[in-house]
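This briefing goes through one protein model, topic by topic. Please look at the sequence and the structure before reading on.

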Amino acid sequence: MATVYSVDQGLPQSTVTSLHRDNEGYLWVGTGDGLGLFDGWDFHQVRASTDKKNSLTNASVRGITASADQKSVWVGSDD
């Protein structure tokens, strides 16, 4: 049985542009309107902000990958 997730369940946007599962089992979901982090129960949204260090610079996520040491997640956007 498959579970369907949408904006109603906390996904930033219904159009998914990229996915990445990190070494701790979290699912990173890139969308056209931000980044969602799924912990197995809930989505936590990461939005673009000029006020926060290490924030998205643009809401449109195009790719997600891990660093070589698997300790960081790198997110590519339109900027």
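How does D33 count by its relative accessibility: buried, partly exposed or exposed? D33 has a relative accessibility of 33%, so this residue counts as partly exposed. The model is a predicted one.

**The salt bridge**

- The count of salt bridges comes to one.
- D33 and R47 form a salt bridge, and their closest N and O atoms are 2.8 Å apart.
- D33 sits in the loop between β2 (27–31) and β3 (34–38), while R47 sits in the loop between β4 (43–46) and β5 (61–66), so the pair ties together parts that are 14 residues apart in sequence.
- R47 has a relative accessibility of 36%, so R47 counts as partly exposed.
- As a general point, side chains of opposite charge can pair when their charged atoms come close.

**The largest pocket**

- The volume of the largest pocket is about 270 Å³.
- Its lining is made up of W28, L35, V46, N54, S55, L56, T57, V73, W74, V75 and S77.
- Strand β6 (residues 73–77) gives the largest share of this lining, with four residues.
- By type, the lining residues divide into seven nonpolar, four polar and no charged.

**V73, one of the lining residues**

- V73 is among the residues that line the largest pocket, and its place is in strand β6.
- Its relative accessibility is 27%, so V73 counts as partly exposed.
- Leaving aside neighbours within four places in sequence, V73 is in contact with H20, W28, I64, T65 and A66.
- One of these contacts, W28, also lines the largest pocket.
- From C-alpha to C-alpha, V73 and G30 are 12 Å apart in space, and they are 43 residues apart in sequence.

- T31 is in strand β2.
- Is T31 buried or exposed? With a relative accessibility of 0%, T31 counts as buried.
- A polar atom of the T31 side chain lies 2.8 Å from the backbone oxygen of G34.
- Not counting residues up to four places away in sequence, T31 touches P12, Q13, T15, T17, A59, S60 and V61.
- S60 is in the loop between β4 and β5.
- S60 has a relative accessibility of 8%, under the 20% cut-off for buried, so S60 counts as buried.
- The side chains of S60 and R62 make a polar contact (2.8 Å).
- With residues up to four places away in sequence left out, S60 touches T31, G32, G76, S77 and D78.
- Among the residues that S60 touches is S77, which is also one of the residues lining the largest pocket.

**Q70 in a loop**

- Q70 lies in the loop between β5 and β6.
- Q70 is not a glycine, although it has a positive phi of about 65°.
- Its relative accessibility is 39%, so Q70 counts as partly exposed.

**A2, before the strands**

- A2 is in the segment before β1 (16–21).
- Where does 68% relative accessibility place A2: buried, partly exposed or exposed? At that value A2 is over the 50% cut-off, so A2 counts as exposed.
- A2 and K53 are 51 residues apart along the chain, and their C-alpha atoms are separated by 36 Å.

How values were computed:
Residues numbered from 1 in each chain as written. Predicted model: local features only at pLDDT ≥ 70, side-chain atom pairs only at ≥ 80, totals over all residues. Heavy atoms only, no water. Salt bridge = Lys/Arg side-chain N within 4 Å of Asp/Glu carboxyl O. Helix = DSSP H or I, 4+ residues; strand = E, 2+ residues; numbered from the N terminus. Buried < 20%, exposed > 50% of the residue type's maximum accessible area, 1.4 Å probe, protein only. 1 Å grid on protein atoms, 1.4 Å probe; cavity = no way out; pocket = protein on both sides within 12 Å on 5 of 7 lines; lining within 4 Å. Points joined across faces, edges and corners; volume = space filled by probe spheres on them. Nonpolar A, V, L, I, M, F, W, Y, C, P; charged D, E, K, R; others polar. Polar contact = N/O pair within 3.5 Å; in protein donor to acceptor, adjacent residues only side chain to side chain. Contact = heavy atoms within 4.5 Å.
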